[in-house]
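This report describes one protein for a reader who has not seen it before. Please look at the sequence and the structure first.

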Amino acid sequence: MYDDNGAPIRRRTHLTDEAEELRYLALELEADHDAYVSRGRAPWRGLSGHDPLDDVPDEEFGERQWENWHDAALDEDERPRRRRPSGREVDIVPPVVAPVTVRVDPAIAAAFAERQEQATEGPTWVVDGGRVTVVGDFKVWSGPCIECAQEFTQRRPASQRRKWRRLCGGECSTERRRTANRERMRAVRADEDAA
């Protein structure tokens, strides 16, 4: 439900007559028959769980609707300054993003680099669109780009079994996608014209 300004209307829980009867039934069961009625699982309470807006006083709730309307209607410089009487600044705390640091033992890295320097070329075989050579612990693919026909190489650990990239970079992949989209739309238009 929205008001005349397009802002959501404050909606508090109003029990219907049937739910009200069920509530009195639960009170009667507890009072007269010593029965235990679970408050959290009662069907007339709607979805179980805590509504975070229940903690917000009515004045702040009204302010939030006013602020949301101004956020949608005004530019950033014209927006009124936000005020949160309950002290909450954001409803959802964003995740903390920290820089990723990879720590490698220098002795292990030096031994690996030395082993790679002394590595000799191993077996070579032809794959779709290029040639793969094993050099130490790595496989090296070399071949032409299918978009611009320029030679380029790729290097990855010998244990990986993924397909090799056939495009040399982002520009070529963008151009290839555009070309495919053009061809697809040309075929769609041809079908529409034929129909």
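What share of the contacts in the protein with a separation of 6 or more is accounted for by residues 24 or more positions apart? The share is 22%, where contact means heavy atoms within 4.5 Å. This is a predicted model, in which local features need pLDDT of at least 70 and side-chain atom pairs count only at pLDDT 80 or more, while totals for chains, interfaces and linings use all residues. Residues are numbered from 1 along each chain as its sequence is written, and side-chain values use heavy atoms, with hydrogens and water left out.

**Overall make-up**

The protein has four helices and four strands, in the order α-α-α-β-β-β-β-α from the N terminus. Helices (H or I, at least four residues) and strands (E, at least two) are DSSP runs, numbered from the N terminus. Of the 195 residues, 15% are buried. Buried means under 20% relative accessible area, exposed over 50%, and partly exposed in between (1.4 Å probe, protein chains only). The accessible surface comes to about 16,200 Å², and carbon and sulfur atoms hold 52% of that; the areas come from the Shrake-Rupley method with a 1.4 Å probe.

**Strands 1 and 2**

Strand 1 (residues 121–127) and strand 2 run antiparallel and are joined by five bridges; two strands pair if DSSP finds at least two bridges between them. One of the bridge partners in strand 2 is R131, which pairs with V126. The two strands form a hairpin with two residues between them, and G129 in the turn has a positive phi of about 90°.

T133 lies in strand 2 (residues 130–135). Leaving out residues up to four places away in sequence, T133 touches E121, G122, P123, T124, F138, K139 and V140.

**Core and surface**

The largest nonpolar core consists of V132, W141, C145, F152, W164, L167 and C172. Such a core is a set of buried Ala, Val, Leu, Ile, Met, Phe, Trp, Tyr and Cys residues joined through side-chain atoms within 4.5 Å. Beyond four places in sequence, the residues that L167 touches include C145, F152 and C172.

V104 is found in the loop between helix 2 (58–73) and helix 3 (106–117).

| Residue | Relative accessibility | Class |
|---|---|---|
| T133 | 14% | buried |
| V104 | 53% | exposed |
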